[in-house]
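The entries below follow the order in which I looked things up.

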Amino acid sequence: MMKRIPTGIENFKTLIDKNAYYIDKTNFISEVLNEKILFYTRPRRFGKTLNMSMLYYFFSNYAGSLSK
């Protein structure tokens, strides 16, 4: 099955479940891990919801791997 180019998907799990591409060229996770305080502002339609969803699933998997 070919990967899809997502449009309008705001949930990271939905994006992965639909076998869509996701490319983070911002090093966002690395920046979040290295900062003590993070204030995240972006203009409309710049992926704030998707980034927060990505972080949720990243840290959920990270926490789950620590408990095993």
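Why are Asp 17 and Lys 13 separated by about one helical turn? I found that they are four residues apart in helix H1 (residues 12–17), which accounts for the spacing. Helices here are DSSP runs of H or I with at least four residues, strands are E runs of at least two, and both are numbered from the N terminus.

I noted the ground rules next. This is a predicted model, where local features need pLDDT of at least 70, side-chain atom pairs count only at pLDDT 80 or more, and totals for chains, interfaces and linings use all residues. Residues are numbered from 1 along each chain as its sequence is written, and side-chain values use heavy atoms, with hydrogens and water left out.

**Salt bridge.** I searched the whole structure and got one salt bridge. The term requires a side-chain nitrogen of Lys or Arg within 4 Å of a carboxyl oxygen of Asp or Glu. Asp 17 and Lys 13 form the bridge, with the closest N and O atoms 2.8 Å apart. I then looked up exposure, where buried means under 20% relative accessible area, exposed means over 50%, and partly exposed lies in between (1.4 Å probe, protein chains only). Asp 17 counts as exposed at 54%, and Lys 13 as partly exposed at 39%.

**Aromatic pairs.** I found three aromatic pairs in the structure. Rings of Phe, Tyr and Trp (its six-membered ring) pair if their centres lie within 6.5 Å; planes under 30 degrees apart are stacked, over 60 edge-to-face, and the rest tilted. Phe 12 and Tyr 22 make an edge-to-face pair, 5.2 Å centre to centre with 85° between the planes. This pair links distant parts of the chain, as Phe 12 is in helix H1 and Tyr 22 is in the loop between H1 and helix H2 (28–34), 10 residues apart. Phe 12 is buried at 17% relative accessibility, while Tyr 22 is partly exposed at 26%. I also checked Tyr 56 and Tyr 57: their ring centres are 5.0 Å apart and their planes at 85°, so this pair is edge-to-face. Tyr 56 is exposed at 53%, and Tyr 57 is partly exposed at 24%.

**Charge over a ring.** I noted Lys 3 over the face of Tyr 21, at 5.9 Å from the ring centre. The criterion is NZ of Lys or CZ of Arg within 6 Å of the ring centre and within 35 degrees of the ring normal.

**Phe 59.** I placed Phe 59 in helix H3 (residues 48–66). At 32% relative accessibility, Phe 59 is partly exposed.
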